[in-house]
Amino acid sequence: VKPASFDYAYCDATDEALRLLAQHGDEARVMAGGQSLMAMLNMRLVRPSLLVDISEIKELQYIKSSADYVEIGAATTQAELEVWPHLKRQLPLIAAALPHIGHFQTRNRGTVCGSLCHADPSSELPLCLATLGGHVVLQSRRRKRVLPADEFQLGLLATAKRVDELMVATRYPTARAGFGYAFREISRRHGDFAIVALAAVVGKGTVRLGVGGVADKPTVREWDKLDESDVPDALNDFAWDLGGGDDIHATARYRREMVRRLGRKLIEEARRCAS
Amino acid sequence: MLSENSDGARDTGLSSPRNRKRYVGQRVLRVENPALLCGRGQFIDDLPAKPGTLDAAILRSPHPHAEILSIDTAAALARPGVRAVVTGQDVAALTDPLIVGFATPMQYRGIAVDRVRYVGEPVAIVCATNRYLAEDALDHIRVDYRPLPAVVDPIAATAPDAPVLHPAVGSNVVSYREFRHGDAAKAFAEAPRQSEITISYPRNSITPMEGYAVVAEHLPDSGGYDVISNFQGPFSLHPVMARALRIPGSRLRHRSPANSGGSFGSKLALFPYIVVLCIASRIAGRPIRWIEDRLEHLAAASAAPNRVTRVEAAYDRAGVVSALRLTHWDDHGAYLRAPMPAPIYRMHGLSTNAYAIRNVEVLNHILVTNKCPTGAVRGFGGPQLYFAIERMMHTIASELALDPLDLIRRNLIPAGSFPYRAAAGALIDSGDYQRVIDETVRQGDLQALKQRRERARQEGRLYGIGYAVAVEPSQSNMGYISTLKTGIERERAGQKDGAVAAATVNIDPLGGISVIADSVPQGQGHQTALAQVVADELGVRIEDVVVNLETDTQKDGWSIAAGNYSCRFAPATVSATHLAAVRIREKLARIAAPSLNVSADRIEFANGKVFARDNPDNAVSLHRVAGQAHWSPASLPDGMAPALRESVTWSAPELTPTSAGDEINTSLAYGFGFDFCGIEIDRDTGEIRIDKYVTSHDCGTILNPGLADGQIRGSFAAAIGASLYEEYAYAEDGSFLSGTFADYLIPTAAEMPQLDLLHPVQSPSPFTRLGAKGIAEGNQYSTPVCLANAVADAIGRSDITVPLRPAKVLEWIDTAEPPRRHAAAPRAHRASGISGTGFARVNAPRPAVWSALLDEDVLRRALSGCEYLERVEPYAFRAAVDLGVGPVKGRFEAQVGLFDLDEPRSAVLRGSLSGPLGAASGNGHVELSPEGEACRIDYRYEIHLSGRIAMIGGRMLEAAARHLISEFFRRFAASSAGTQPEQKLHIAWRKYLPTWWGGRT
């Protein structure tokens, strides 16, 4: 497993990266932490002619919070977010999900934005972004645009990012008073890709449940009013609507069962946190 | 041969002289550790290669079964850095097939010649100036395959209409034998009760950190080959390689380096690559280096045979078993390669495990399927056999409502009856099984565990307790594989028995002590154990003994049993080394006797000194005695050879050949293990939590408790993998699905439960020099079935298979799923591949859409990434496309044909794709129906994927296929809207297509 040959550009400024992306378009791939990309390169699943390494761009290494959201720069690693002192208070859902993302060794290099761009249907960070209704900031040489999560991730490994765009940051909505957050994941081993990952946000009468690992992208359903007694039917509908497939680790049916069984527990847990 | 017999009584090694710390039995730290822990270990890829050495990359079959119609290597040869491209035809011209242990028309050369039989089978080898360029060139080799139907299930492979892998054999059952020990038929006829279960043991392995590594060089001057590899033995395969290469064994020099990054059996099956790479070196005229990568290892290195076993037992109302009948279907993948089918025969003598069952019938089907060929995996036939027997013991206990442990006790070989000759021939050397169990129950507190189960069950939780016992064989008899031959065939082939071990102890003129031996370690700590043994005999510090276990077949003493397998080290290599150390001590004593003025038998060794037993002050330093042997041969006792070097070869007389009645003592020493465990199943998720696990082992004399415990913990970890996680998964169509560690799941530290490890009893072997028995495989045998028995106990189910995937376990607990409330499209019919349905709407009338379906321009536009598309027959197209999802893309050549045309209503599409990422074939059914002015297209499809994409794409394949197909119809709908109907094509397409379209459908 050796990659096909490619050029490598080490960037120390965002402008430089944007210039290269504009110039090389589809032939270039952005590398931040490389935790998915390197494996795909070695297996020759991707064959870019140029790798644009943004991992050392200082201006993309930041976590800043405002009233509404926490903005995380594209060169910020998952480990840096994990040790961010305000994580638990401002992003309790992420705090719960982070330990499930690979292993601490991979989190030391893997970035938050890199995970969003890779758009793996089982990944935790895209699921959290979709469930919280967060945004991504995409920038090209000519313009900057902000997309909501559900417009960004389109499907299996597919996003709305254009070839000349770099995701410079993501914005995770800050925890709101009166809301409860909960996360649960089923995987074969610690750190594996999720068979099913669930994220719940409950508050002010609404229930949002996000599911990863079942459909080809994280899928969120919101109920304006969901009584305790309606939960089983609501989750059963959701589970069937998600579809999901069989693979060697689990069946579609198992995935639906987890949505039904764990979804219920998770909603209860989030409800408890909210009150 | 210097044999044990010539020495008379065996030295127990326990007569301790004064003032001497003995190392054997102590928890001595491994001498190997500092280098390994500091990253200074020397593995093959760390060793310098000769200038001009080429790196090899191997093109592997994406198909589970196909004829090779042609291979075109010209474009690959023209690539930068490429010096040679070697195919199976090239290898076949210069080699003979690799032989196995019995006469069979099956031919195996380590590389496919005219047919591929499993995904990952080598097809061609590129030799280039580096591995990157070699892999680049792989994409440029053009192979035309004609796919054939594949079979992966061992029972299905025996069906009369199953695809036959080796036409020359004529059947997928390549060997069948029936064995009858005692009178099982009578016992079954007379028994008041009988039970029958069928178990299925999966295909797995234990994966080393370092994969296969070979550097092979053809030596044109001698016509021989110089090879360095991490092959582990048995060296009985050295003659197999030399014969295939058509050279005398002496011209095949094989060396192994100091370090090998684990093996667990897998590096036995490296030997076919050695032969193929020797030929590649000969053709390229350069040394060739090949370092296996992880994809190659998981897909195509080796696996333990998966097995189906029907177990029948006859027993009385008290649960005393009088007979067993075992019918095995042992699945060895695409080829039998030596020493296969060894695992099933290695365990033959132990077909009754630890039980005093005197009647046993064994019916062995050895068969081939379209999977990777098998090889050695730690446990070597034991996990499969004991899973069957111990599940049966649990089943009988359930039938009789007895405590399973009581049932086990009622059937154990009685204490005091050792050496015990088991029904199928094992001569079990020593043991006290009852005492091991009693002590383990007490020390492990089984009583408390039973109370935990009681409490858990009262709370409605699913909790179970499991038990398993296992006789643990060590040091294989080189004669056991002959058991698969009939008595007449054995006689014709010549008697086979014994198991020779070789070791040398050398003392240099300064008194420096060095040891070489034939154990080819892969991380077990052999250097430490041998240094302990030799240091004890010669009365020196362990750091004064240098142990070098690199091997060189042109310079070292070795015999066919050499190598690292079947727990051979502790009984065999240790005995040979001990004997060599004793010989050299005796020689030193004779040299020192005159100057100490005592007889040699009154001389002792300690603290680097040689001294009179009765007067320790009457002493001389060991290095002075050693120096005399080198500097003054004339002063040595009459008839004594000069210098100090003792090379010993050792075998054991108990390793007798297979008897006329097919009884075989398959191993020399037999340890014993007993496990019990408590598990809980999560009702919501089907996950199994191991609440408590107790394992205890009697492995005779423990040479080093640290090494022994390390082996047990390692074996337990691997067994947790086999029980809960690991399986080489194949789809029904033969494609391989677990090519990465994201899909072949080995447990990590986070998955390991607490292990309570006990050694309550030590029953030294009377047949090995230090009384030591092997200890490395015990939990491979006991843990999977112990956990399975616990699951059976928790949920009251008989049919338990490993690995215990939560999705499977949950279905065992809950059989019904809440139905969908609102009617919706039913899921597609179950197919053996990936299947799905969908629809698209086109703003055009149906006849226009129909024509578009046959229009190259429309199809070209509909296929995203289409490089070209051309019509090759009226209803058949050929295309090259860049297909992919997101950034993942690969170039594929596609062939698509339309069949069963029912204009303008429906058609069937059949097609195939092939490219560096793999191959696919599939069929789709398209139906057009008018919707007002528009047209609706409904489609359903079934796709078979194989090769790299199936191996690594696992969890995303279904979604990717769905995406690609819906994308096609979306684009088709867009580009066919507005297309005008065309003239119908009147050509006899049916005449051409079936022949042109020979592939799978």
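Me: Which residues touch the most other members of the largest nonpolar core?

Reply: Start with the general idea: nonpolar side chains tend to be buried together in soluble globular proteins. In this predicted model, the largest nonpolar core has 240 residues, and those touching the most other members are B:Ile428, B:Phe674, B:Ile679 and B:Phe972.

Me: What does B:Phe674 touch, leaving out residues up to four places away in sequence?

Reply: Its partners include B:Leu405, B:Val436, B:Ile437, B:Tyr467 and B:Val694. B:Thr440 and B:Ser696 are also among them. There is a second, separate core too, with 63 residues, including B:Leu427 and B:Val625.

Me: Now a lysine. Is B:Lys371 buried or exposed?

Reply: Compare the relative accessible area with the cut-off: buried means under 20%. B:Lys371 has 4%, so this lysine is buried. You can find B:Lys371 in the chain B loop between β15 (359–367) and α10 (382–400).

Me: Which side chain makes a polar contact with the side chain of B:Lys371?

Reply: That of B:Asp331, at 2.4 Å. Beyond its neighbours within four places in sequence, B:Lys371 is also in contact with residues including B:Arg117, B:Tyr118, B:Asn306 and B:Tyr730.

Me: Where does B:Ser260 lie, and is B:Ser260 buried or exposed?

Reply: B:Ser260 is in the loop of chain B between β11 (252–256) and α7 (271–284). Its relative accessibility is 10%, so B:Ser260 counts as buried. The side chains of B:Ser260 and B:Lys267 are joined by a polar contact of 3.1 Å. Setting aside neighbours within four places in sequence, the contacts of B:Ser260 include B:Phe43, B:Glu210, B:Asn230 and B:Pro521.

Conventions
Residues are numbered from 1 along each chain as its sequence is written. Chains are lettered from A and ligands numbered from 1 in the order in which they are written. This is a predicted model: local features need pLDDT of at least 70, side-chain atom pairs count only at pLDDT 80 or more; totals for chains, interfaces and linings use all residues. Side-chain values use heavy atoms; hydrogens and water are left out. Helices (H or I, at least four residues) and strands (E, at least two) are DSSP runs, numbered from the N terminus. Buried means under 20% relative accessible area, exposed over 50%, partly exposed in between (1.4 Å probe, protein chains only). A polar contact is a pair of N or O atoms within 3.5 Å; within protein, one must be able to donate a hydrogen and the other to accept it, and residues adjacent in sequence count only if both atoms are side-chain atoms. Contact means heavy atoms within 4.5 Å. A nonpolar core is a set of buried Ala, Val, Leu, Ile, Met, Phe, Trp, Tyr and Cys residues joined through side-chain atoms within 4.5 Å.
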